[in-house]
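Subject: Handover of a structure and its findings

Dear colleague,

Please find the structure below, together with its sequence.

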Amino acid sequence: MLNVRRAVLDVIFPRWCVGCLGAVEAGPLTHVCEACVNQTVFSREPHCGSCGWPFPGAVSGARTCPNCLELRPAFDEGRTGMLLAGAARAFIHDLKYHRGWHLRGDLRGLVRLARPLKNFAEGAVLVPVPLHPRRRRWRGFNQARWVADALAAEAEVAGIVELLDRVRDTPTQTRLSRAGRAKNMENAFALHPGAAVNSGTRYILVDDVYTTGATLNACAKVLRQAGVEQVDVVSLGHG
């Protein structure tokens with residue numbers, strides 16, 4: 001019955017790919033066509049142990065990308081789902097800047113396609129990176145929370161907890177340099193009043209995008225200061 005209803009809706013309201021703007025007729029996602037899915041680079045081994053950036057070909061020795069060497073992360077390990085190019089970049093852009101409520105259903109499919117994320121998240125408590133209240137009101141949702149919800153639907157996690165607040169309404173990071181992004185994030189986050197932190201629990205900070213790592217690193221520092229011993233990070237996209 002559901003398949004019949006979907007087929008009728010597809011005739012009345014055709015689904016268009018956010019990447020190539022062509023019709024979506026089949027494939028694992030509703031708003032990304034199968035051809036664009038096949039062109040998306042999902043993170044696999046070998047990859048940077050700190051952020052998940054995939055390395056081309058074989059890698060020997062330490063697996064840390066140049067960006068993370070410069071960042072000196074306050075978190076332990078990290079994984080990312082896919083590289084932000086083509087349809088992946090268009091998907092995140094439409095989700096964040098065009099209030100893409102209709103794309104929420106595809107987040108779980110993307111997490112499923114990014115297979116290493118599931119195993120990495122097993123048993124951890126997920127902590128979405130918060131938005132400032134003003135931006136949350138404008139957007140109507142927190143995309144990092146949506147990513148955490150999708151990850152929790154695919155992996156056996158210990159829960160999702162809103163441990164952090166964004167206490168400074170920082171300018172957008174888009175046009176800032178690496179140093180500018182780090183400066184922009186200084187004192188931008190704080191522990192949520194009354195938040196209960198277990199020092200022995202493994203927490204995973206979850207965000208939609210990892211660029212230089214400045215945002216996730218700022219969040220990790222707050223959790224470290226609260227006494228958390230193991231802090232990892234996950235992003236849906238990297239780039």
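The largest cavity holds about 60 Å³ of space. Please bear in mind throughout that this is a predicted model. The search gives a count of one cavity of 30 Å³ or more.

Which residues line the largest cavity? The lining is made up of Leu 29, Val 32, Val 37, Thr 40, Phe 42, Met 82, Ala 87, Ala 88, Phe 91 and Leu 110. Sorted by class, nine of these lining residues are nonpolar, one is polar and none is charged. Helix 4 gives the most to this lining, with three residues.

Helix 4 covers residues 87-97, and its buried residues are Ala 87, Ala 88, Ala 90, Phe 91, Ile 92, Leu 95 and Lys 96. Just after helix 4 comes Arg 99, which takes a positive phi of about 50 degrees. The charged end of Arg 99 sits over the ring of Trp 138, at 4.2 Å from the centre of that ring. A second contact of this kind involves Arg 202, whose charged end sits over the ring of Phe 120, 4.7 Å from its centre.

**The aromatic rings**

A pair of aromatic rings is described by two values, the distance of the centres and the angle of the planes. Three aromatic pairs are found in the structure. In one of them, the ring centres of Trp 101 and Phe 141 are 5.1 Å apart and the planes stand at 75 degrees; planes over 60 degrees apart count as edge-to-face, so this pair is edge-to-face.

Where do the two partners lie? Trp 101 is in the loop between helix 4 and helix 5 (104-113), while Phe 141 is in the loop between helix 7 (133-139) and helix 8 (143-154). The pair therefore ties together parts that are 40 residues apart in sequence. Trp 101 has a relative accessibility of 47% and so counts as partly exposed. Phe 141, in contrast, is buried, with a relative accessible area of 2%.

Trp 101 also pairs with Trp 146: their ring centres are 5.3 Å apart and their planes are at 70 degrees, so this pair is edge-to-face too. Trp 146 belongs to helix 8 and Trp 101 to the loop between helix 4 and helix 5, so the pair links parts that are 45 residues apart in sequence. Trp 146 is buried, with a relative accessible area of 5%. Together, Trp 101, Phe 141 and Trp 146 form one aromatic cluster.

**The cysteines**

A disulfide is a covalent bond between the sulfur atoms of two cysteines. How many disulfides does a search of the whole structure find? The search finds zero. Cys 17 is in no disulfide, and the nearest cysteine sulfur, which belongs to Cys 36, is 3.7 Å away. The cut-off for a disulfide is a pair of sulfur atoms within 2.5 Å. Cys 33 is likewise in no disulfide; its nearest cysteine sulfur is again that of Cys 36, 3.6 Å away.

Are Cys 17 and Cys 33 buried or exposed? Cys 17 is buried, with a relative accessible area of 1%. Cys 33 is buried as well, and its relative accessible area is 9%.

**The second largest pocket**

The second largest pocket contains about 360 Å³ of space. It is lined by 17 residues, of which Ala 182, Ala 214, Asn 217, Ala 218 and Lys 221 are the closest to its centre. At least two lining residues come from each of helix 3 (66-71), helix 9 (178-184) and helix 10 (214-225). Helix 10 gives the most, with six residues. By class, this lining has eight nonpolar, four polar and five charged residues.

**Tyr 203 in strand 6**

Tyr 203 is part of strand 6, which runs over residues 202-210. Its relative accessibility is 4%; buried means under 20%, so Tyr 203 counts as buried. The C-alpha atoms of Tyr 203 and Ala 124 are separated by 5.6 Å, although the two residues are 79 residues apart along the chain.

Yours sincerely,

A colleague

Methods:
Residues numbered from 1 in each chain as written. Predicted model: local features only at pLDDT ≥ 70, side-chain atom pairs only at ≥ 80, totals over all residues. Heavy atoms only, no water. Buried < 20%, exposed > 50% of the residue type's maximum accessible area, 1.4 Å probe, protein only. Helix = DSSP H or I, 4+ residues; strand = E, 2+ residues; numbered from the N terminus. Phe/Tyr/Trp six-rings, centres within 6.5 Å; stacked < 30°, edge-to-face > 60°. Lys NZ or Arg CZ within 6 Å of the ring centre and 35° of its normal. 1 Å grid on protein atoms, 1.4 Å probe; cavity = no way out; pocket = protein on both sides within 12 Å on 5 of 7 lines; lining within 4 Å. Points joined across faces, edges and corners; volume = space filled by probe spheres on them. Nonpolar A, V, L, I, M, F, W, Y, C, P; charged D, E, K, R; others polar.
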